[in-house]
Amino acid sequence: MRGTFLLGLGFFLLTFGLSPSASADVAGAKKEGKVVVYGSLETGTVNILKKAFKERYGVDLEYWWSSSTKITDRITTEFRAGKQLFDVTLNHRPLLKIMKKEGIVGTLSSPAFKFFPPELVDPEVGPAYRHVIIGILYNQAYIKDEQAPKSYEDILNPKWKGKFVMADPTRHTTTIQWLANFHKIMGKERADRFIKGLGAQKPVLVDSITPAAQKILTGEVPIGFTFTKYIVIYGKEGAKLDYVKVDKMLGDGQYMGVSSKPPHPNAAQLFIDYFLSEEAMKVLADVGETVTRRGVYPALKDADKIKFVEFDELDEKGFAEKTQEYRKIFFQ
Amino acid sequence: MKGAVGFLGQPVYLLFAVSGIALAFLSLYPTFFLFYGSLRSTPIGVPGEFTWSNYIRVYSDPETYQLLANTLLFAAGASGLSVLLALVLAWITVRTNAPFRRMLELTAVVPNIMPSLLVAISWVLLLNPTNGIVNEFSRATLGIAPFNVYGLPGLIYVEALVLTPLAFLIIAAALRGMDPSLEESAKTLGSGEAGVAVRITFPLIRPAILAAASLNFVRAAETFDTPAIIALPARIEVFTTKIFREAIGSFPANHNLAATYGVGLLTLTLFFVYLYRRLTSQVERYATVTGKGFRPNLIDLRGWRYPASLAALLILVLMVILPILTLFLVSIMPYYQTPKWHILQNLTTRHYVSLLQDDRISRAFQNSLFLAVVGATLCIFFAAIISYLTVKTKIVGRGLLDSLAFIPWAFPGAALAIGILWAYINFPIPIYATVWILMVAYVTRFLPYGLRSVSSTIIQIQADLEEASATCGAGFFATLRRILIPLMRPGMVAGWVILATFFVREFSCSIFLYSPGAEPLGPLLYFYYQEGSFGAMAGVGVLITLLSVLMVIGARAFTRAEIAG
């Protein structure tokens, strides 16, 4: 009986692959030596994966961090110059879809897809391996819990005028989408009023969502809109941050894209498989990411109570129209 | 045909032809492509047609005039304030008997080697309205937090501090070179010290002041370092932030509009460079430097000696000491926040340790050192050849060479980068996305600085040495190798060090041209700032500053040894 069980277990492991590299040619990847990844996931998090990836496969992970917008611009310019230098990009879906249409990224595949809820797996760009949730975060060293807003509209109170931070909604694609989706959680009229109110409050605008978190962390602007995961990330360094618990929170699914002509094809596939493995997803969850792989749970307090609403996508025309609209609201 | 072969058969003419072509290519090729980009209907690498639509779009947009006004105000303010600070500092250290003036004079040059991006970041940490260190201190002692770096005054103030050393060098040189007899005559005729200063000294150095002001105006208008850190978050749009937004910071990127704004900025800086060159020719007309050996008299400040030193020290605290201390403090804090006692007890060296382990940092150091060593060497040799041809030969057309070499000087870094991007992205030799595109940009942009330092040495070399060499039967290259290069060496070494320190910290051009695999230190610092890795950023900043200081000390030691030898 025991022998049968062990045989069964062995068969299970072989079939479902605890080894994350079921589809990739490890020897080929080793020969290629490295994989080049452009992504918006924090360098600190990727550095943990990089070390493990190198130890496990002997393949270097060359990582370039930037905002999704800048990554897409760079990849597009490189493509048009006939130079595809990246293998894999960690990006968000609308930008990946635009690049897919132009033939810059190919179709992603990995045996690890089956470990993600099917409704989260896109046939072209694979699973939304994590949700990045945007909330109102505040630094408790500067703002007491009872002083903090209790709803989205509370941030429109004159006492916060010019005193909260957010990413520039005329430059940062995730923020453009985020604002454009507020109608999904508060209805169109209320959402329009809210966005106009935000503009009138003259928030401190930064390049993207990570610098917004930085300003909250350092206390330079102790409250603002950023990803909830920073509570965990900076909490590990001793910072005391919390978020405003509102009914519903908007967020973005994060996906992967593989270059249509990857310079290191085997290493690229190996990295995709590894990145979606339980081991890598646990690393992400541990630093506060809301990962979606079954059986891996995020470290953020009360994460299970968050009602997550995913953004609807904007196409290129939608981005252009919204950019113009927000330019009027935030800059005039 | 035979005549042409004969002409080029002479080494000096061959050299002239080769350097002329190389220089014309470096200067004109990106200029052409900047205009080309601004006149195309489609992005880089996509087939399209010629159009005026980019110009129509830019100049029918009221925002353009707002950003023009902002750029003019910012550049005028920063230039004016920098000249004022430099004037006070130069007068105290050169013309008075204030104590410690030599030390103060040396310190004034230090910010010239500190990356200005880091100066701006330090001032954000010191003067941001919520928890800037100065504001926090003021809040704790006086109950108010009066400063806000995020505004036009903050932008002007920080850029003025960045620009002061350059104005100081120009004004101090003018003060040092003055003929004291005019001042003495005024005194003999009964003028007091103040009267002499107002009626004699300042009118005499007025052209130098105006030259420094127009030069700093150009530098402020073209810089992206300070605006990247202060203007972008403060929503102040200047030309360089607009070019950045169009080329990199928005989706989809619009390199056509970036080029169109680049042409606008180039036109603006060309006008002020023209002004500067007119003023510097006046400096020569006003020259009171003659063959006579003299030193201007030192003004005895009596009881005001120490307050004067204190005033100079205060300016230096703002320019040098506070930014460096802030940077160092950030590099040893676990994560940046307002320094309080409990935080100061948890200081750490982990950012420095991680510098050694992070391969993105080591790659950037390798790239920047390669660019600094190879780039500065290429640039200085090229400058030496051009300088020799324009100063020492009578070849027809040498004036053209001089003018070509000065085109990049008027070229704002951001506009040059956009021109280079358009020019080299589909170039037959594939340098795009390699470190070589940066090399081309750096050599083109900084060649005028190399020329400046080499030509001042070449002018001093008497023609009879070359003639003697030729009489003894040495050919052109033998004379160059045995006579000219050894005599030019001090100027070349000084120029090399200046260029190498520029190249190590270059940002305004690199941010548009680098690629992830070939990233130099300037963009790395910016991205660490953006990503919020302040500790790593400050650690890298401290290392770059130390490296640059070491290079300058090494060059001084070398020059002294040469003179002694």
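Guide: The model is predicted. Helix α9 of chain A covers residues 209–218, and ten of its ten residues are buried, so the helix is largely enclosed by the rest of the structure. Buried here requires 20 or more other C-beta atoms within 10 Å of a residue's own. Just after α9(A) comes Gly219(A), with a positive phi of about 85°.

Next, the domains. The assignment for chain A gives domain 1 as 23–128 + 254–299 and domain 2 as 131–252 + 306–331. Their centres, taken over C-alpha atoms, are 26 Å apart. To the contact between them, domain 1 of chain A gives 16 residues and domain 2 of chain A gives 18. On the domain 1 side, α4 (68–80) and α5 (93–101) of chain A each supply at least two residues, and α5(A) has the largest share, with four. By class, that side has six nonpolar, eight polar and two charged residues.

Last, the other chain. Contacts between the chains involve 37 residues of chain A and 34 residues of chain B. On the chain B side, α11 (225–234), α12 (239–249) and α24 (521–531) each supply at least two residues. The side of chain B that touches chain A has 17 nonpolar, 14 polar and three charged residues.

Key
Residues are numbered from 1 along each chain as its sequence is written. Chains are lettered from A and ligands numbered from 1 in the order in which they are written. This is a predicted model: local features need pLDDT of at least 70, side-chain atom pairs count only at pLDDT 80 or more; totals for chains, interfaces and linings use all residues. Domain bounds come from an automatic or database domain assignment. Two residues are in contact if their C-beta atoms, placed from the backbone, lie within 7 Å. Ala, Val, Leu, Ile, Met, Phe, Trp, Tyr, Cys and Pro count as nonpolar, Asp, Glu, Lys and Arg as charged, and the others, Gly among them, as polar. A residue is buried if 20 or more other C-beta atoms lie within 10 Å of its own, exposed if 12 or fewer, and partly exposed in between; C-beta atoms are placed from the backbone.
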